[in-house]
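Here is a short tour of a model for you to follow on screen. Have the sequence and the 3D view open side by side.

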Amino acid sequence: MSGRETPARLWRRSALVWLALSLLLATTLGGAYLPIGVWKLPLALTIAAAKAGLVIAIFMGLGQAGGAARIAGLCGVLWVLLLLSLSMTDQTTRQQLPPGFGEDRAGQP
Amino acid sequence: MTEARHDPFHDIARQRHAAELGLWVFLASELVFFGGLFVTYGLYRYAYPSAFEAAGAETAIWLGTINTAILLTSSATMAAAVWAGEAGHKRHVLIGLALTALLGLTFMGVKGVEYYKDISESLYPGAADFPVDMPGAQVFVGLYWAMTGVHAVHLSIGLVAVAITLWRVRAERFDWQNTALLHVLGLYWHLIDLIWIVLYPLLYLMGRSL
């Protein structure tokens, strides 16, 4: 922020973001009761991402932060995405061995 | 008022950049720390989808929603305090910080009521009369306690930091206008809010129906 911003202006800016966040909160709460089955989690997480985006972009001012600070923040997100995607890839694609597999080898050297 | 610039920085702009970068690195490490809990949630949810829905419906959705609204509001008051600091409006910095501290305390109060309710309803892992008789349900509740507990620890640290900063700004103990301290404090507080924004749908919105 450059120059002297008046208190009324800065409180109004913060109130506008707060209003948007509150509307998103009401939407996600309503969405939790919709009969949309497996789409509930993706919907809730999409709204959460929108809320997080508002907080990061405006309240935390990531756009105005220096290049190194932005890279540091994005690295955090990248590692979490790697952690999640690699773990879930393993979990969802691992071959389940049939019951009794390898039992015929029991007792052999 | 003490000198704003500290060694080894040649000028205040560099010092601000260093403080800001340092805090973003810390926030990234915090994200990965909570990432471990998110992955645990993901893996167990994949393994026990219906137990997670059933146990998720047992959490106190209204208390969770009220607390989400409180925390979102506290982020707005914290942002106003930081912006007022950059513009040099001391009174508004103090108002913003005081409101943030008050909202943070209210969050902890509501959380305390919720924990009391959870315990009286046997909603904790290993409870003799645990309400959901499905494999995996106790894992969800274990994650609920771990995630909200670790979050509450972060919020308590934030509360102490906000209270100390409020006192120091009021007493002109440091150059709140030129140093990055208010900004850095704001970043930490917003991180607490961000984590809760993700925890809320995972812990409170699952398994609901009219």
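The text below looks at chain A as a whole and then at a helix pair in chain B.

This is a predicted model, in which local features need pLDDT of at least 70, side-chain atom pairs count only at pLDDT 80 or more, and totals for chains, interfaces and linings use all residues. Residues are numbered from 1 along each chain as its sequence is written, chains are lettered from A and ligands numbered from 1 in the order in which they are written, and side-chain values use heavy atoms, without hydrogens and water.

Let's start with chain A. Its pattern along the sequence is α-α-α, with 3 helices and 0 strands (helices are DSSP runs of H or I with at least four residues, strands runs of E with at least two). The radius of gyration of chain A is 24 Å, well over the 13 Å from the globule rule for 109 residues, so the chain is more spread out than a compact globule. That radius is taken over C-alpha atoms, and the rule is 2.2 Å times the number of residues to the power 0.38. Buried residues (under 20% relative accessible area, 1.4 Å probe, protein chains only) make up 27% of chain A.

An automatic or database assignment sets the domain bounds:

| Domain of chain A | Residues |
|---|---|
| domain 1 | 7–60 |
| domain 2 | 66–91 |

The centres of these two domains, over C-alpha atoms, are 22 Å apart.

In chain B, the axes of helix H1 (residues 12–47) and helix H2 (residues 49–56) come within 5 Å and cross at roughly 110°. That makes H1(B) roughly perpendicular to H2(B) (the class covers 65 to 115 degrees).

Terms used
Axes are lines fitted to C-alpha atoms, for helices over the stretch in contact, and angles run from 0 to 180 degrees between N-to-C directions. Angles under 35 degrees count as roughly parallel, over 145 as roughly antiparallel, 65 to 115 as roughly perpendicular and the rest as oblique. Buried means under 20% relative accessible area, exposed over 50%, partly exposed in between (1.4 Å probe, protein chains only).
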